[in-house]
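Subject: Structure for your review

Hello,

Here is the structure I promised to pass on. My notes follow it.

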Amino acid sequence: MFAIILLIIVVIILLTSCIKIVPQANAYVVERLGAYQGTWDVGIHFKMPIIDKVAKKVPLKEQVADFAPQPVITKDNVTIRIDTVIFYQITDPKLFSYGVENPIIAIENLTATTLRNIIGDMELDETLTSREIINTKMRASLDIATDPWGIKVNRVELKNIIPPQAIQDAMEKQMKAERERREAILRAEGEKKSTILVAEGKKESAILDAEAEKQAAILRAEAKREATVKEAEGQADAILKIQQANADGLRMLKEASPDAAVLQLKSLEAFAKAADGKATKIIIPSEIQGIAGMASSLAGIIKSDDNEIEEP
């Protein structure tokens, strides 16, 4: 009875070991009697007891391999150290299992040799500024070389490029000198722009002053012209009024029909006004002289009459 129970337990264990479940993003390589039998994908699978076995469990997710810095020599004989990071993915579990003994070590060595070949054709300055070119060349070379191993190289990145300490010091001095040169250039450009702006400001100020002076001169000339016009118009109006007054006086005199005595008296008044001036020589018409003599005679007659009246 005990033997039967033990046999049943052994059978159950054997049957359980023959059931395999492959998880997501994995593949199992199965061998039968040491020979490749097949590759199991995701899901449940059954194998023959004792004669079948899972030889290798292969992850199908993208993986990362970070390799130690490798010494390489540039075209201008400078030894630098470069460490790389590779992103790869297993595409064929069978080739990965049987293609190479240790795929990761093989990829590391292949990366080092490929890197030396690429960097050997480039100078130091070109190496420091051409990371993308180096990455592309390495990825293409590694992808071709690892294809028989069932591995696809997706990306290659240069993590660090470490030149010798002396080169680093020289590069720092060069960068410092370059920064100082750029600073001097920027300062000179700033001073130049400032000088230009100041000159433009003075120019615009002078133009505005000239425009203002021009406008002021125009306004002064217009004001003077208007004043002259107004003065001339006033003088013309005054002359017109004087002439009008003289004409009105003559017209009234004509309408009054003055006799000879009135005309002679007006002549004497005009003579008196003329004599009242500052002229040193006065020409008196004969008619006025006669009138003056008549006036003297008349004054004498009036005086004699007055004396006769006073005698009684």
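How are helix 3 and helix 5 oriented to each other? The two helices are oblique, because their axes cross at roughly 135°, and an angle counts as roughly antiparallel only over 145 degrees. Please bear in mind that this is a predicted model, so every value below is computed from it.

Helix 3 and helix 5

Helix 3 covers residues 103–119 and helix 5 covers residues 131–146. Their axes come within 10 Å, and the crossing of helix 3 past helix 5 is right-handed. On the helix 3 side, the residues that meet helix 5 are Ile107, Leu110, Thr111, Thr114, Leu115, Ile118 and Ile119. On the helix 5 side, they are Ile134, Lys137, Met138, Ser141, Leu142, Ala145 and Thr146.

The chain as a whole

The protein chain has 312 residues, of which 19% are buried. Its secondary structure comes to eight helices and nine strands. Taking contacts between residues at least 6 apart in sequence, 63% join residues at least 24 apart.

Strand 8

Strand 8 runs over residues 79–90 and holds Thr84; Tyr88 lies in strand 8 too. Thr84 has a relative accessible area of 3% and is therefore buried. Tyr88, at 5% relative accessibility, also counts as buried.

With neighbours within four places in sequence left aside, Thr84 is in contact with Ala65, Asp66, Phe67, Thr111, Leu115, Met138, Glu157, Leu158 and Lys159. Three of these names come up in the helix pair as well: Thr111 and Leu115 are in helix 3, and Met138 is in helix 5.

Tyr88 touches Lys61, Glu62, Gln63, Val64, Ala65, Ile104, Ile151, Lys152, Val153 and Asn154, again not counting residues up to four places away in sequence. Its C-alpha atom is separated by 10.0 Å from that of Arg139, which is 51 residues apart from Tyr88 along the chain.

With a relative accessible area of 28%, Asp92 is partly exposed. Leaving aside neighbours within four places in sequence, Asp92 is in contact with Trp149 and Gly150.

Asp143 is found in helix 5. Beyond its neighbours within four places in sequence, Asp143 is in contact with Ile151, Lys152 and Val153. For Asp143 and Val153, 10 residues apart along the chain, the C-alpha separation is 5.0 Å. Ile151, Lys152 and Val153 are also among the residues that Tyr88 touches.

Aromatic rings

How many aromatic pairs does a search of the whole structure find? It finds one. The pair is Tyr36 with Tyr98, 5.9 Å centre to centre with 80° between the planes, and it is edge-to-face. Tyr36 lies in strand 3 (residues 35–40) and Tyr98 in helix 2 (residues 93–98), so the pair ties together parts that are 62 residues apart in sequence. Tyr36 counts as partly exposed, at 32% relative accessibility. Tyr98 counts as partly exposed at 41%.

A ring also takes part in a contact with a charge. The charged end of Arg155 sits over the ring of Phe87, 5.2 Å from the ring centre.

Backbone

Two residues other than glycine have a positive phi and may be worth a look in your viewer. Phi of Ala25 is near 60°, and phi of Leu33 is near 55°. Ala25 lies in the loop between strand 1 (19–22) and strand 2 (26–32), while Leu33 is found in the loop between strand 2 and strand 3. Is each of them buried, partly exposed or exposed? Ala25 counts as partly exposed, at 24% relative accessibility. Leu33, at 70%, counts as exposed.

Regards

Terms used: Residues numbered from 1 in each chain as written. Predicted model: local features only at pLDDT ≥ 70, side-chain atom pairs only at ≥ 80, totals over all residues. Heavy atoms only, no water. Phe/Tyr/Trp six-rings, centres within 6.5 Å; stacked < 30°, edge-to-face > 60°. Helix = DSSP H or I, 4+ residues; strand = E, 2+ residues; numbered from the N terminus. Buried < 20%, exposed > 50% of the residue type's maximum accessible area, 1.4 Å probe, protein only. Lys NZ or Arg CZ within 6 Å of the ring centre and 35° of its normal. Axes fitted to C-alpha atoms, helices over the stretch in contact; angles between N-to-C directions. Parallel < 35°, antiparallel > 145°, perpendicular 65-115°, else oblique. Left-handed = near helix turned anticlockwise from the far one by under 90°. Contact = heavy atoms within 4.5 Å.
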